[in-house]
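Here is a quick tour for someone opening this one for the first time. Have a look at the picture below, then read on.

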2 protein chains.
Amino acid sequence: VNEKRVQRLAVVGTGLIGASVGLAAKRSGVEQVRGYDLDQEALDVALRRRAIDAAAPDLPSTVADSELVVVATPVGVSPALVAASLEATGRPRTVTDVGSTKGGICTALARQARFVGGHPLCGAETRGPGMARADMFEHATWFLTPLAATEPESYGLVESFVSLLGARPVAIDPDVHDRLVALTSHLPHALANLVLSQVGSTRVAGHDPLEAAAGGSLRDLARIAGANPQVWSEIFLENADAIAASLAGLRERLEELEAALVAKDAAFLRASIEEAARHRRRLSDASAPSRPAPRE
Amino acid sequence: VNEKRVQRLAVVGTGLIGASVGLAAKRSGVEQVRGYDLDQEALDVALRRRAIDAAAPDLPSTVADSELVVVATPVGVSPALVAASLEATGRPRTVTDVGSTKGGICTALARQARFVGGHPLCGAETRGPGMARADMFEHATWFLTPLAATEPESYGLVESFVSLLGARPVAIDPDVHDRLVALTSHLPHALANLVLSQVGSTRVAGHDPLEAAAGGSLRDLARIAGANPQVWSEIFLENADAIAASLAGLRERLEELEAALVAKDAAFLRASIEEAARHRRRLSDASAPSRPAPRE
């Protein structure tokens with residue numbers, strides 16, 4: 001047995017991501033997965049789906065004999081739960097999280113040698129352990145944010161664990177991470193919300209645009225709109241400055257497009273679509289799962 | 001045989017929509033579908049896929065013996081092709097189009113009693129006859145824009161034809177149509193383009209956000225970005241005023257969100273996501289195919 005391999009895992013927060021970590025870990029041969037959630041129903045569903053082997057009554061008993069703890073809660077409460085997981089009695093353990101923002105938690109826990117920040121990009125817009133899947137992390141980028149104080153052994157443990165789940169671990173600076181996801185995730189979510197709210201609150205000569213939109217292209221954009229208000233309002237708050245900066249950049253582009261439309265500037269309109277088409281092709285190339293994650 | 005039923009159909013423009021009309025018509029029992037396209041390859045593919053029975057060498061011979069002509073070309077050239085289809089010698093015929101904007105063509109052809117403007121909402125973002133499908137219009141809203149001069153017989157013919165293809169015909173004023181689709185289709189497309197171009201042209205500490213975004217939520221938004229630059233730049237031009245107005249409305253919402261982020265206004269952020277979530281649920285309800293189109 002590889003010494004670095006996790007045998008006893010604890011999952012704090014058995015929602016969609018936490019339960020998927022449990023399912024993926026069980027499938028990969030992790031011996032024991034213990035789960036904890038304040039929401040008894042989330043815990044029951046995770047147990048019923050065998051995402052966890054046992055539900056623990058409190059945080060200390062959840063983590064006590066685990067080599068690795070995955071904290072999968074809304075970002076607002078994660079730092080406190082990571083700290084509590086590190087401090088609980090029992091064997092020494094490594095703790096990671098799955099939050100969508102890394103600056104805040106990495107600043108708060110910068111001296112914790114056995115904490116490794118993490119963030120899997122799995123594009124999951126649903127919620128709850130009922131939608132959890134063992135293959136949630138296949139070929140997904142899983143950002144890890146080791147700091148100067150991080151113990152190499154803890155980093156290695158988390159890195160091999162996320163590889164075991166099928167993901168591709170990518171080390172990144174926490175602030176660079178936050179600026180990246182402000183663009184790639186938070187900006188699209190924010191815009192999808194704005195567009196859907198504008199369309200949905202407008203009436204055109206008595207017509208409700210959402211009724212008329214059934215089957216239209218608004219639905220692609222809407223899929224990421226209105227996702228879990230608690231989770232996302234915390235993400236927006238945590239990463240407010242980077243998101244505001246990306247919105248400001250978008251506002252400038254929007255003003256240019258408005259001016260081109262008013263001026264009936266055909267060349268500008270065409271060039272702007274062609275620019276988007278080029279980036280879209282690059283995104284398709286990048287999204288192709290050509291580099292499957294290494295397996296043991 | 002129902003007198004109103006189309007037996008001989010002509011399709012002018014055998015791209016994605018034209019070829020799908022042909023496939024759906026053949027499946028529904030239309031006897032003869034003739035096709036015409038300036039692009040010989042599009043014509044060949046449509047023929048090979050049996051979306052059309054015969055390729056005609058020019059417009060007059062395509063439409064000569066048809067009861068119905070469907071003009072499925074980029075919106076910039078549609079009015080001239082509709083007019084030419086109406087004026088060609090042979091039996092009297094009804095002509096419809098499938099363009100995404102209706103104000104321009106309906107103004108240009110307001111006195112043509114046998115023209116009925118049309119626009120199927122099928123959310124197809126691909127292009128070319130190779131992607132055509134016989135079920136493209138199942139349960140889709142198909143807008144029709146009859147005017148004062150429109151012959152009831154022509155309107156009835158088009159209405160029963162699109163029902164035959166599985167769509168739900170909805171009569172609407174051309175300008176109301178254009179303001180509606182500015183919100184439900186053109187605004188999402190424009191925004192998807194802007195977001196993708198902004199994200200794709202930014203570098204964060206050397207990282208290309210599109211590389212990092214593989215698997216992320218940007219992809220949902222990107223699906224409608226960069227769609228067919230020729231088709232979409234014409235649509236944007238045709239409907240420039242309504243799209244500019246919807247962008248201006250969005251810009252106001254964007255400024256509000258930016259201010260809330262800068263002020264770390266948690267209550268505003270949460271309320272704005274909850275608003276989007278409400279509209280998203282309404283859209284899901286409207287999108288459910290609970291009202292299948294009437295069949296013969």
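Between which two elements of chain B does the loop with B:R50 lie? B:R50 sits between α2 (40-48) and β3 (54-55) of chain B. Helices (H or I, at least four residues) and strands (E, at least two) are DSSP runs, numbered from the N terminus.

Before going further, a word on the ground rules. This is a predicted model, where local features need pLDDT of at least 70, side-chain atom pairs count only at pLDDT 80 or more, and totals for chains, interfaces and linings use all residues. Residues are numbered from 1 along each chain as its sequence is written, chains are lettered from A and ligands numbered from 1 in the order in which they are written, and side-chain values use heavy atoms, with hydrogens and water left out.

The model scores ipTM 0.82 and pTM 0.82. For chain A the mean pLDDT (the predictor's confidence in each residue, from 0 to 100) is 90, with 93% of the residues at 70 or more. Residues 290-296 of chain A are another story: their pLDDT is below 50, though this stretch has 15 contacts in the model beyond near neighbours in sequence. Contact here means heavy atoms within 4.5 Å.

**Chain A as a whole**

Chain A has twelve helices and eight strands. Its radius of gyration is 21 Å, close to the 19 Å that the globule rule gives for 296 residues, so chain A is as compact as a globular protein of that length. That radius is taken over C-alpha atoms, and the globule rule is 2.2 Å times the number of residues to the power 0.38. Boxed along the principal axes, the C-alpha atoms of chain A fill roughly 70 × 40 × 35 Å.

Of the 296 residues in chain A, 58% are buried. Buried means under 20% relative accessible area, exposed over 50%, and partly exposed in between (1.4 Å probe, protein chains only). Taking contacts in chain A between residues at least 6 apart in sequence, 70% join residues at least 24 apart.

Start with A:A132, which is in the loop between β6 (115-120) and β7 (141-145) of chain A. A:A132 is buried, with a relative accessible area of 4%. Leaving aside neighbours within four places in sequence, its contacts are A:L16, A:A19, A:S20, A:L23 and A:R49.

A:H139 lies in that loop between β6 and β7 too, but A:H139 counts as partly exposed at 38% relative accessibility. Its phi is near 65 degrees, a positive value in a residue other than glycine. Most residues other than glycine have a negative phi. Back in chain B, B:R50 also has a phi near 65 degrees, and B:R50 is exposed, with a relative accessible area of 66%.

Which residues does A:A244 contact, leaving aside its neighbours within four places in sequence? They are B:E258, B:L261 and B:V262, from chain B. A:A244 lies in helix α11 (residues 240-262) of chain A and is buried, at 9% relative accessible area.

A:S163 is in helix α6 (residues 152-164) of chain A, and at 12% relative accessibility A:S163 counts as buried. Over in chain B, B:Q32 is found in strand β2 (residues 32-36). Not counting residues up to four places away in sequence, B:Q32 touches B:Q7, B:R8, B:L9, B:D53 and B:D65.

| Pair | Apart in sequence | C-alpha to C-alpha |
|---|---|---|
| A:A132 and A:G18 | 114 residues | 8.3 Å |
| A:A244 and A:L187 | 57 residues | 8.8 Å |
| A:S163 and A:T141 | 22 residues | 9.9 Å |
| B:Q32 and B:V45 | 13 residues | 17 Å |
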